[in-house]
Amino acid sequence: MDGDTLRCLHIFLDKFTKNWLTGRDRYAIVKNALLWDIQRFYKEEYLIVKKALVIIEKKTGVLLPNDEAGFIALHIVNGQLDEDVHDMYEITKIMQEIENIVRYRFKIEFNEESAYYYRFITHLKFFAQRLVEYKKTKQARRCFFESNA
C-alpha cells in the first residue's frame, strides 16, 4: 500500500473513530452483506483495517464490529481504484458471481492462500471495474443521444 493510501486511511479512520466515539455512528450498525467477499477479495486491505481497529480499541476501549472493518476496507480499495463506493459494491458483486460460476462450472475449490488465486482475483477486479465503467459510459451515451434527439 502506497504512502498516499496510508495517509488517506489515517485521515478516514481518525474521522470515523471520532464519529463513532461521539455516538453519531455508534447506533447505526449496518450488517455488511459483502463482508465475506471483502475478506477474500480485498484480503490485504481488510487485514490492515483489522490491525488499525486493534490499535483503536487499545486507545479508546471501543471495539468496532467486523462489518465496519469490511466497509472501511472497501473504502481503501475504492481510493486505490479511484471508484465511487457504489461502483465498488457492484464490482465486488460481479467478482463474487464470476467466482461462483467458475467454481461450480468447473467443480473446483480455490486455494485462497495461493498466488494463483490472488492473480485470478486481481484479474477479476480489473475486469469487473472495466465492466462497470463500460456500463456507465454506455448509459451516458444513451442519455446524451436521447436528450439531443
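Predicted model: local features only at pLDDT ≥ 70, side-chain atom pairs only at ≥ 80, totals over all residues.
Reader: How many residues does helix H3 have, and what distance does it reach from its first C-alpha to its last?

Author: Helix H3 covers residues 43–60, which gives 18 residues, and from the first C-alpha to the last it reaches 25 Å, close to the 26 Å expected at 1.5 Å a residue.

Reader: Which residues of H3 are buried, and where do they lie around the axis?

Author: The general idea is that an α-helix has 3.6 residues a turn, so residues three or four places apart point the same way. In this structure, the buried residues of H3 are Glu45, Tyr46, Val49, Ala52, Leu53 and Ile56. They lie on the same side of H3, because the arc they cover around the axis is only 125°. On the other side of H3, Lys51 and Lys58 are exposed.

Reader: Where is glutamate 99 placed, and is it buried or exposed?

Author: Glutamate 99 belongs to helix H5, which is made of residues 85–105. A residue counts as buried when its relative accessible area is under 20%, and glutamate 99 is therefore buried, since its relative accessibility is 1%.

Reader: Which residues does glutamate 99 touch?

Author: Leaving aside residues up to four places away in sequence, glutamate 99 touches Arg40, Phe41, Phe110, Tyr117, Phe120, Ile121 and Leu124.

Reader: Where is leucine 34 found, and is it buried or exposed?

Author: Leucine 34 sits in the loop that runs between helix H1 (3–21) and helix H2 (35–41). With a relative accessibility of 7%, leucine 34 counts as buried.

Reader: Which residues does leucine 34 touch, and how many residues separate leucine 34 from aspartate 67 in sequence?

Author: When residues up to four places away in sequence are not counted, leucine 34 touches Tyr89, Thr92 and Lys93. Leucine 34 and aspartate 67 are 33 residues apart in sequence, while their C-alpha atoms are 8.8 Å apart in space.

Reader: How many helices and strands are there in the chain, and what percentage of the residues is buried?

Author: The chain has six helices and zero strands, and its pattern along the sequence reads α-α-α-α-α-α. Of the 149 residues in the chain, 36% are buried. Among contacts with a separation of 6 or more, 70% join residues 24 or more positions apart. The chain exposes about 9900 Å², of which carbon and sulfur atoms supply 59%.

Definitions and conventions. Residues numbered from 1 in each chain as written. Heavy atoms only, no water. Helix = DSSP H or I, 4+ residues; strand = E, 2+ residues; numbered from the N terminus. Buried < 20%, exposed > 50% of the residue type's maximum accessible area, 1.4 Å probe, protein only. Contact = heavy atoms within 4.5 Å. Areas by Shrake-Rupley, 256 points an atom, 1.4 Å probe, with all protein chains shown as cover. Expected span 1.5 Å × (residues − 1). Arc of directions from axis to C-beta.
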